[in-house]
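Open the model in your viewer and keep the selection tool at hand. The stops below say what to select next and what is there.

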Amino acid sequence: MSAADSGAGLVMRVGHGYDAHPFADADASGRILVLGGVRFPGERPLVGHSDADVVAHAVIDAMLSAAGLGDIGTQFPDSDERWRGADSIEMLRQVSALLAEGGWMLANADCTVICDRPMIAPHRDQMQERLSGAAGGPVTVCGKRTEGLGNADGIVAHAVALVVVGRQQ
């Protein structure tokens with residue numbers, strides 16, 4: 001049953017997304033760190049089948065969860081070579097289109113990125129713009145440091161998304 005068939009009025013659903021990727025070795029063969037669709041040259045890249053954009057991946061998972069469409073591994077399995085090195089912003093566009101097919105649209109999403117490096121604040125506006133454009137609704141980003149608790153091994157992101165569908169009376 002699609003979201004549009006679920007009854008009269010406005011339907012809202014919330015989903016949570018999470019992603020984590022370890023840092024790559026220094027000789028990461030041309031990989032570059034990508035967070036929220038923004039490239040960070042000179043920073044340690046992350047290991048992943050796609051571009052390893054933990055921010056976009058967490059938002060994707062939150063949107064898919066809210067719409068009841070599984071998770072990123074369901075839609076973009078790492079066993080499929082088609083997604084090797086894929087641009088996660090393009091994957092987010094595809095998820096937005098998938099939600100629209102079911103009558104859903106993103107009301108808003110928020111993502112918290114947990115890392116000591118790089119600093120998120122100087123890039124927040126650009127990240128939000130790229131993510132919002134691809135997701136089809138407003139996406140906000142917040143960076144948090146570990147305050148010495150450590151994340152020397154990688155970067156973590158949590159996201160929450162609200163999706164809605166309205167039915168014409």
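**Starting at a helix cap**

Select Asp-87, which caps the N-terminal end of α3: one of its side-chain oxygens lies 2.9 Å from the backbone nitrogen of Ile-89. Helices here (H or I, at least four residues) and strands (E, at least two) are DSSP runs, numbered from the N terminus. This is a predicted model, in which local features need pLDDT of at least 70 and side-chain atom pairs count only at pLDDT 80 or more, while totals for chains, interfaces and linings use all residues. Residues are numbered from 1 along each chain as its sequence is written, and side-chain values use heavy atoms, with hydrogens and water left out.

**Along α3**

Now select residues 88-101, which are helix α3. At 1.5 Å a residue, its 14 residues should span 20 Å, and the end C-alpha atoms are 20 Å apart, which agrees. The expected span is 1.5 Å times one less than the number of residues.

Which residues of α3 are buried? They are Ser-88, Ile-89, Met-91, Leu-92, Val-95, Ser-96 and Leu-99. These residues cover an arc of only 150 degrees around the axis, which puts them on the same side of α3. Buried means under 20% relative accessible area, exposed over 50%, and partly exposed in between (1.4 Å probe, protein chains only). The arc is that of the directions from the helix axis to the C-beta atoms. An α-helix has 3.6 residues a turn, so residues three or four places apart point the same way.

Show α1 (54-67), α2 (72-75), α4 (124-135) and β6 (154-165): these are among the elements that cover the buried residues of α3. Just after α3, Gly-103 takes a positive phi of about 90 degrees.

**Along α4**

Move to α4, whose 12 residues should span 16 Å at 1.5 Å a residue; its end C-alpha atoms are 16 Å apart, which agrees. Its buried residues are Met-127, Gln-128, Leu-131, Ser-132, Ala-134 and Ala-135. They cover an arc of only 165 degrees around the axis, which puts them on the same side of α4. On the face turned away from that buried side, select the exposed residues Asp-125, Glu-129 and Gly-133. The cover over the buried residues of α4 includes β2, β3, α1, α3, β4 and β5. Just after α4, Gly-136 has a positive phi of about 80 degrees.

**The nonpolar core**

Select Leu-35, Val-55, Met-63 and Ile-155. Of the 46 residues in the largest nonpolar core, these four touch the most other members. Such a core is a set of buried Ala, Val, Leu, Ile, Met, Phe, Trp, Tyr and Cys residues joined through side-chain atoms within 4.5 Å. The largest share of this core, 11 residues, comes from α1.

Stay on Leu-35 and show its contacts (heavy atoms within 4.5 Å). Leaving aside neighbours within four places in sequence, they include Phe-40, Val-55, Pro-118, Met-127 and Ile-155.

Pro-118 is in the loop between β4 and α4. Next select Ala-52, in the loop between β3 and α1. Ala-52 is not a glycine, yet its phi is positive, at about 65 degrees. Most residues other than glycine have a negative phi, and most peptide bonds are trans. At 0% relative accessibility, Ala-52 counts as buried.

**An aromatic pair and its surroundings**

How many aromatic pairs does a search of the whole structure find? It finds one. The rings of Phe-76 and Trp-83 have their centres 4.7 Å apart and their planes at 85 degrees, so the pair is edge-to-face. Rings of Phe, Tyr and Trp (its six-membered ring) pair if their centres lie within 6.5 Å; planes under 30 degrees apart count as stacked, over 60 as edge-to-face and the rest as tilted. Both Phe-76 and Trp-83 are buried.

Then select Pro-77, in the loop between α2 and α3. At 25% relative accessibility, Pro-77 counts as partly exposed. Not counting residues up to four places away in sequence, Pro-77 touches His-49, Ile-72 and Trp-83.

**Zooming out**

Finally, show the whole protein: four helices and six strands, in the order β-β-β-α-α-α-β-α-β-β along the sequence. Buried residues make up 44% of its 169 residues.

Methods. A polar contact is a pair of N or O atoms within 3.5 Å; within protein, one must be able to donate a hydrogen and the other to accept it, and residues adjacent in sequence count only if both atoms are side-chain atoms.
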